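Notes follow in the order I took them.

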Protein chains: 2
Amino acid sequence: MSEDYILVTGGAGYIGSHTVVELLNSNYNVVVIDNLVNACMESISRVEEITGKTVPALQVDLLDKNAIKSVFKKYKISVVMHFAGLKAVGESVELPLLYYHTNIGGTVNLLEVMKEYNVKNIIFSSSATVYGTPQYLPVDENHPVGGCTNAYGKTKFFIEEIIKDVCNADKSWNAVLLRYFNPVGAHKSGKIGENPQGVPNNLMPFVAQVAVGRRDHLTVFGDDYDTPDGTGVRDYIHIVDLAQGHVAAIKKVEAGCGCVVYNLGTGIGYSVLDMVKAFEKATEKPIPYKVAPRRAGDIATVYANPQNAEKELGWKATRTLDEMCEDLWRWQSNNPNGYKASS
Amino acid sequence: MSEDYILVTGGAGYIGSHTVVELLNSNYNVVVIDNLVNACMESISRVEEITGKTVPALQVDLLDKNAIKSVFKKYKISVVMHFAGLKAVGESVELPLLYYHTNIGGTVNLLEVMKEYNVKNIIFSSSATVYGTPQYLPVDENHPVGGCTNAYGKTKFFIEEIIKDVCNADKSWNAVLLRYFNPVGAHKSGKIGENPQGVPNNLMPFVAQVAVGRRDHLTVFGDDYDTPDGTGVRDYIHIVDLAQGHVAAIKKVEAGCGCVVYNLGTGIGYSVLDMVKAFEKATEKPIPYKVAPRRAGDIATVYANPQNAEKELGWKATRTLDEMCEDLWRWQSNNPNGYKASS
C-alpha cells in the first residue's frame, strides 16, 4: 500500500461515507474531513466495521483554511474527493448567502490549499441540477448548463466553472466533475445509509421514514405532469454504483485528464409512483401517499445519458431498482432513527 | 442634509472616485472603503478638493468581515455602492482563485453584513462582459448572460446571480445591477482619473500613456475584424456620465425596485482607430501604433442599447467622444505619473 492518501471532504455524509467504503475496498488510504454540520462520525465507525480498516477522520470546516492546511501538512494527499457542501434546495432559496458562503467559500479555500501543497487532482461532487430544465432527453454532458434557479444548484455550477478555470490556468491540474442524478439506497450491510436531519428533502428517505413509521404518509407533488403516470420521472442510481464511479474517476485523474465531466446515472427514468411501488414490494408494507400541487421549480422528467462514463471511465451502474429499495430498507429498518440511537 | 450615508466600496478607484464626486455634488453623505490594493487615498483628497467637502475614507478589505461591520456600526448606511473588486481580465485567467476569492468572497461578506445591519439597498458595479459574445446588437438587458470565458467576467456574472437570489429570498432588498460598457475620460478638473498600476489593460489609458511619453507606441490587437476599419468596436462612455448613472440608480433603489438591471452605455460604437484619431485631435500629438494579432477572447463589436436606463432611471450619457479625450488628456498631462508624484 502506498503512502498516498485520498482526502475525502464531507466524508461522513451519505455519498462520502459510501465512497470511502469503496475506496478502502480498492486499497486506497483515505483521510476524511467533515464539519459534521449535516453528518456524524458514527458513519465513519460503521465504515471501519464494514471494511475492517481504520480511517483517520477529522472535524474540519472548509471555511477554516488553517485547519485544511494542517491536514495537508500531516498527510501526503494525492487526490481530493470534494463532497462537502450544503445541499438542501429549499433552504438554499431561503438562505442563499449561507449557500454561497459555505459552498463557494469552502471550495475556493480548498483549491487554494491544494495549490499551495501542489495537490492538483480533484474529483468534484456536482449534480445533474446544473442542466436546469432539460432541452432534450437523455441529458448528456454537452447539454447546456447554468439554467438552474436555486442557489444550491448555482453553487454546483459556479464551482464547476471555478475548477475549469483553475485547470485552464495551470495544465498540471486534473479534475473530474461528476454530475450525479438521484442517488438512493444504502450499503448492502445495512450499516450506513442516508441520514437526513429533520424532514427529508428527497423522495426515498421520506418513503423509508413512512415505512418505518416515523411519518404518516408521503406527499406526492404533482400527478399531472406529462409522464406515463403523471408523477415526476428521475434517474435513480444506487449509492454503491455512484461510489464506485468515484473510484473509476481516480484512475482518470491519475492518468492526467485535464478537466473532464461525466454524468453518473443509469439512463433509466422511474416515476415517483414506480419508486413507491418498488419500495412497497421490497418492504411488504403499504406506503400511503397524498397528492399535492406541483412544487415551483420541479420538472417533469430527467434522466441521464451515461455512455461517456462507461466509455471513458469503464464504469457503469449495475444495481437494479429492487436492490436500491431492498438495501435502503435494510438500512432504514436496522436504523429507524439513523445513526442517532447508537451514538 | 440627512444623517444617512452612501457606503462606496472601492471608492478610491477610478469609477468609485468619480461617483463619489457626483454623490457629493448631489448632497449625499458618503463614506468610502477601499483596500488600496489597486488605488490610493490621494484620489479621495482630490475628490475633497474638487467638491470642497470631506469624505471619511477607511482602508478596509472586504475579506475582513469584522472591519466591514465596524463601518456599519459607525455610520448609518442607507445604500451601498459596490465597486470593490479585482478587474484585470488577463490576470484573472492566470490567477482565477485570486479573483473568485476576492470578488465573490468579498461580496458575500458585504451582503452578509448588510443583512445583519438591515441595510438592504445595493447598487452593483457589473459589466457588459456578462453578455459574452453578442448574439445581436445593440445589446439590451434581455440578452443572454453568462457566456464570458474569463474569471473576471464570471465573477461579475456570479455576483449578479447571488444578488438576484438574495433579493428573491427577501423582498425587502432592492438592487440595481449596472452593466458598464467602456468607461473612459476623467473629471473636467483634471484632478482625478484612471490610474492603472503597471501596463494598462484598457485602450485609452494606454493611449494616454503613449501621448505623455511613458510608452513608445500603442499595440492594436487585430485589424482584420469585420468592422468598418477592421479594428474592434466598443461603446465608450464618459466616466462622469457613468458616475451620474449611479446617482440616478439611488433614487430607483429608494423607491423600492426589487432587483433590476440596466446597461450604462451610449449606444454608439467607436473603433480602436476612431479612438486613436479622436485622441490625436484632442492632444495634437501623434499616437504611433503597431498592429498585432487578435487576442484570444476579444470580440469584433459590442455596443449597448441604453434605452431602459433612460426610460426607467431618467439617465442618459451626454458627453461626446471629443470630451472624453479632452478630459482624459487634461488628467494625464497634469498627472503624467498618475497620483504618484503628489503622494
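How many salt bridges does the rule find across the interface of chain A and chain B? I noted four, taking a salt bridge as a side-chain nitrogen of Lys or Arg within 4 Å of a carboxyl oxygen of Asp or Glu. One pairs the side chains of D165(A) and K154(B), at 2.8 Å from N to O.

Before going on, I logged that this is a predicted model: local features need pLDDT of at least 70, side-chain atom pairs count only at pLDDT 80 or more, and totals for chains, interfaces and linings use all residues. Residues are numbered from 1 along each chain as its sequence is written, chains are lettered from A and ligands numbered from 1 in the order written, and side-chain values use heavy atoms, without hydrogens and water.

Next I looked up the contacts. I found 25 residues of chain A in contact (heavy atoms within 4.5 Å) with 25 residues of chain B.

Then I checked the area. About 2000 Å² is buried between chain A and chain B (accessible area, 1.4 Å probe, lost on putting the two together and summed over both). Carbon and sulfur atoms give 68% of that. In chain A, L97(A), F158(A) and D165(A) lose the most area to chain B, together 29% of what that side buries.
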